[in-house]
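Please look over the sequence and the model shown here. The paragraphs that follow lead through some of its parts.

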Amino acid sequence: MQSVTRIFDFPLYQLENLPLEKAFTTKYNGQWVSISTQEYIKQYNLVSKGLLELGIQKNDKIAIISTTNRTEWNIIDMGILQTGAQNVPIYPTISATDYEYILNHSEATYCFVSDKEVLAKVKAIKENTQLKDVYSFDEIEGVKNWKELLKIGTTASNDQQLEDLKNSIQTNDLATIIYTSGTTGRPKGVMISHNNLISNVIDSAPRMPKSDGSTKSLSFLPVCHVFERMILYLYQYGSIQIYFAESLESISDNLKEIQPSIMTAVPRLYEKVYDKIYAKGRELTGIKKALFYWAADVGLKYEPFVDKGWYYSLQLKIARKLILSKWKEALGGNLDILVSGSAALQPRLARVFAAAEMPILEGYGLTETSPVISVNDIINKAFKIGTVGRPIPNVEVKIAEDGEILVKGPNVMLGYYKDPEKTKEVMTGDYFHTGDIGELDNDGFLKITDRKKEIFKTSGGKYIVPTLLENELKQSRFIDQIMVIGEGEKMPAAFIQINFDYVRDWCKIKGIPNMNTNLDLVNCPQVAERIQQEITLCNNKFGKWEQIKRFELTPDEWTIDGGHLTPTMKVKRKVVLEIYKDLFDKIYRKS
């Protein structure tokens with residue numbers, strides 16, 4: 001049996017154990033196009049041969065920048081890795097200046113881009129880099145297409161050279177450099193080996209469903225991020241069909257078309273799905289509306305693998321039959337497992353989705369840990385809401401005296417590229433310092449309580465844990481995004497981006513006229529008063545020194561393109577502070 005010691009062994013393992021007719025599927029010009037396991041292997045072998053003909057050598061760096069996930073990304077990835085070169089994936093949404101920094105820091109010699117928009121940004125800085133050439137996935141006039149490598153590979157007589165290179169690649173060799181999205185400062189290049197990712201896949205596999213070859217997944221999180229990339233390797237290892245969503249906006253339609261059994265997402269997306277479902281409920285009338293809200297309330301009391309008595313079981317059975325099953329149907333009808341990472345998942349979402357038989361399994365990890373440290377597990381009945389699950393096998397977690405989570409295991413990175421000093425800062429022996437504060441409960445489940453660097457002191461010397469307040473307030477349907485501020489100031493306060501769609505509907509129900517724009521909503525006294533009610537409700541759960549004393553509503557939606565959020569939807573705290581400096585001054589400098 002094919003053993004997996006290098007990342008490019010995964011497709012061969014699939015071929016030997018359970019080959020797929022539809023290993024990867026992408027939509028082109030309105031048509032879904034699939035390739036088999038056999039064709040996948042054939043194409044990336046040709047890419048490897050083509051790259052060798054271009055002069056690519058072991059340990060060269062090749063960048064990939066793609067706006068969407070697609071089959072080509074995976075073919076190029078394997079093609080690069082087989083030559084002993086390293087794949088440097090880059091977020092498409094960052095600035096051309098950051099492109100230039102990463103391309104130069106990594107010393108990339110070739111770059112693959114998905115489309116005209118990304119190409120324009122690369123072209124703007126290409127002369128300032130070591131790039132020899134750029135290839136595109138889309139057909140773009142005047143630009144070499146990636147398929148040219150297939151043609152070069154077809155005629156190249158370098159099979160033995162490729163075979164020798166593959167045989168020379170060891171499991172602990174560097175496979176990829178992933179640059180952190182960077183909430184502050186320059187991104188760091190995280191060096192990840194073949195074994196880092198392989199061990200993470202194999203150790204995570206027991207918590208994923210077994211596939212008979214017909215199991216489908218939907219992929220849309222950026223594959224340049226280690227979370228989705230590791231998941232794609234996991235799908236390949238488990239012979240799960242991979243379908244790529246057309247875009248974030250098309251996910252709802254793609255779910256109905258594909259009817260997948262599994263998908264991964266960040267909490268922000270699950271929040272949006274839940275809000276859409278709730279919006280449908282608000283449109284109902286009479287008994288249907290009452291039943292909808294009753295079923296939702298039953299779902300919010302759900303606790304996995306806990307016997308809550310016959311009466312609750314009966315209520316849940318009725319709620320599922322009448323209402324909750326329709327939620328699942330709206331998302332394709334087959335979703336059995338959802339995985340969430342990158343940020344804290346609201347417990348109410350975990351409960352109601354699990355009640356609707358679509359459990360969201362929250363996990364935890366970092367780029368530096370390839371990424372999974374722990375994840376909830378419904379297959380083996382190790383699913384506890386409010387936690388990020390138990391650590392996966394072979395990964396050791398311990399809590400330092402100051403509460404910081406330390407991790408040791410085969411998934412811990414090789415270090416930061418060209419930065420041994422920063423590497424030393426985060427390592428104590430074999431233990432990696434995550435920068436997160438957490439605790440292990442009596443059952444071995446890990447709970448994240450805060451980000452060490454984000455805890456701050458007020459001018460009165462009191463410690464504030466912002467994420468505790470933020471996570472509590474984000475459970476309100478009125479609040480979309482929130483950032484607690486107040487470092488060095490006399491009191492905590494907050495910037496809040498309201499849920500514009502929900503609040504606009506609320507205004508209509510309340511008969512508040514002329515709420516046409518986001519600015520109208522932000523300036524509406526009744527809206528501010530309603531948000532204050534949410535703040536008051538939250539404050540009652542915290543000590544007086546922790547309570548949010550003032551807030552300001554921001555007039556625009558916090559987005560990746562706007563600079564408010566990282567590509568994984570985390571708030572860029574320093575950037576948001578700068579964007580809303582006037583609101584900060586209004587809170588703290590007001591006479």
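How many disulfides does the structure hold? It holds 0 disulfides, a disulfide being a pair of cysteine sulfur atoms within 2.5 Å. This is a predicted model, in which local features need pLDDT of at least 70 and side-chain atom pairs count only at pLDDT 80 or more, while totals for chains, interfaces and linings use all residues. Residues are numbered from 1 along each chain as its sequence is written, and side-chain values use heavy atoms, with hydrogens and water left out.

Cys224 is buried at a relative accessible area of 4%, and Cys507 is buried at 1%. Here buried means under 20% relative accessible area, exposed over 50%, and partly exposed in between, with a 1.4 Å probe and protein chains only.

Nine strands form an open sheet with mixed pairing, in the order 2-1-11-10-12-13-14-15-16. Strands (E, at least two residues) and helices (H or I, at least four) are DSSP runs, numbered from the N terminus, and two strands pair if DSSP finds at least two bridges between them. Strand 2 (31-35) and strand 16 (390-391) stand at the edges with a single partner strand each, so one side of each has no neighbour in the sheet. Strand 10 (residues 216-219) pairs with strand 12 (residues 262-265) in the parallel sense, over 2 bridges. In this pair, Leu218 stands opposite Met263 of strand 12.

Leu218 and Met263 also belong to the largest nonpolar core, which has 119 residues, and are among those that touch the most other members. A nonpolar core is a set of buried Ala, Val, Leu, Ile, Met, Phe, Trp, Tyr and Cys residues joined through side-chain atoms within 4.5 Å. Helix 9 (residues 226-237) gives the most to this core, with 9 residues. Another core, of 29 residues, lies apart from it and includes Leu473 and Cys507.

The last stop is Thr458, in the loop between strand 23 (456-457) and strand 24 (463-464). Is Thr458 buried or exposed? Thr458 counts as buried because its relative accessibility is 8%. Beyond its neighbours within four places in sequence, its contacts (heavy atoms within 4.5 Å) include Ile464, Gly486 and Pro492.
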